[in-house]
Amino acid sequence: SQLFIRDLHFAGVPVRVYLPREPSAGKRRGVVFLHGGCGIFGSIRCYERICRYMARESDSVVVSVGYHLAPEHGYPVQTLECLSATLHFLQTAETYGVDPARVLLCGDSAGGTYTTSVCQELVHRTDIPKIRAQVLIQPFLQALSFNLPSHQQNAAMAFLSRDRTVHMILKYLSKDCSLKEPILAGSHVPERMNLKYRKWISADLIPEAFKLGYKPPPPTPFLPQVHEEVQELFETRLSPLLAEDAVVSLLPDTCIVTCEHDVLRDDGLLYKRRLEDNGVRVTWHHVQRGFH
């Protein structure tokens with residue numbers, strides 16, 4: 001009763017727009033919401049209550065993006081559709097009573113991956129308004145290491161175990177699931193790449209309070225054939241934590257939400273550190289006893 005709700009298409013992408021009914025004295029902020037589900041499940045409908053709540057409580061216009069899912073629509077269609085819908089909204093924000101300078105992106109889980117990727121792809125655009133902020137809720141941000149403290153501590157956590165995480169990524173990319181074990185072991189990453197990225201992805205960068213019981217994994221042999229099969233894992237659209245500092249330093253204000261019992265917790269902690277090291281203002285919320 002407090003919202004107008006419309007099903008539309010932005011640049012051919014299905015969206016649901018939530019507009020507060022109460023008249024506003026000025027232009028509202030806009031929120032582009034990208035749902036989770038590893039790109040293979042989830043929908044606008046799954047996040048209906050959350051989007052209604054955000055629109056009501058923040059007096060914002062919320063756009064929930066119903067990007068098409070894999071495997072029928074293969075990677076990177078999901079990121080590209082999120083990008084297209086975001087661009088459309090930035091260009092037409094005033095139509096919905098939104099200040100185009102007050103649009104933020106918000107994503108949950110894989111939606112956090114798409115949010116991060118879209119924000120990175122837009123940093124050099126000068127023909128559109130800048131994204132005001134990004135909100136990353138327990139995001140997936142890298143596929144180089146599945147042996148960080150949060151992976152070990154929550155390896156058998158219900159719903160999103162360490163094993164299931166890699167299994168769903170392979171499903172998303174339409175890869176052979178027999179690749180799961182060598183990826184879990186880290187055999188898909190050549191030593192030169194480990195050396196290059198350990199300044200950004202390493203258990204050494206995780207605060208001690210989050211490393212209880214952590215044991216460094218044993219060395220594993222590099223398997224070139226596995227590496228060649230999963231090149232997508234090293235692209236910034238799937239592993240946005242690998243973006244260069246020249247991109248990261250231009251990102252908008254960021255809010256990161258992590259959960260204690262979540263295999264993806266350390267992705268959020270590592271990205272928080274990278275953003276702060278590059279002068280980006282970060283707000284961090286950690287949910288103790290929370291899970292993915």
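Me: How much area is buried between domain 1 and domain 2, and what share comes from carbon and sulfur atoms?

Reply: About 2,700 Å² is buried between domain 1 and domain 2, with carbon and sulfur atoms giving 69%. Buried area is the accessible area (1.4 Å probe) that two parts lose on being put together, summed over both. On the domain 1 side, Leu238, Leu242 and Val263 lose the most area to domain 2, together 24% of what that side buries.

Me: What should I know about the model and its numbering?

Reply: This is a predicted model, in which local features need pLDDT of at least 70 and side-chain atom pairs pLDDT 80 or more, while totals for chains, interfaces and linings use all residues. Residues are numbered from 1 along each chain as its sequence is written, and side-chain values use heavy atoms, leaving out hydrogens and water.

Me: Where do the two domains lie in the chain?

Reply: Domain 1 covers 3-142 + 237-291 and domain 2 covers 149-234; these bounds come from an automatic or database domain assignment.

Me: How many residues of domain 1 and domain 2 are in contact?

Reply: Contact means heavy atoms within 4.5 Å, and 31 residues of domain 1 meet 29 residues of domain 2 in this way.

Me: Why is the pair of lysine 196 and glutamate 244 called a salt bridge?

Reply: The term needs a side-chain nitrogen of Lys or Arg within 4 Å of a carboxyl oxygen of Asp or Glu. For lysine 196 and glutamate 244 the closest N and O atoms are 4.0 Å apart, so the pair qualifies. One salt bridge is the count between domain 1 and domain 2.

Me: Why is arginine 28 called buried?

Reply: Buried means under 20% relative accessible area (1.4 Å probe, protein chains only), with over 50% exposed and partly exposed in between. Arginine 28 has 10%, so it is buried. Among the residues it touches are Asp59, Asp99 and Arg102.

Me: How do you know that arginine 28 lies close enough to glutamate 22 for the polar-contact distance?

Reply: A polar contact is a pair of N or O atoms within 3.5 Å; within protein, one must be able to donate a hydrogen and the other to accept it, and residues adjacent in sequence count only if both atoms are side-chain atoms. A polar atom of the arginine 28 side chain lies 2.4 Å from the backbone oxygen of glutamate 22, so the distance is within the limit.

Conventions. Lists of a residue's contacts leave out its neighbours within four places in sequence.
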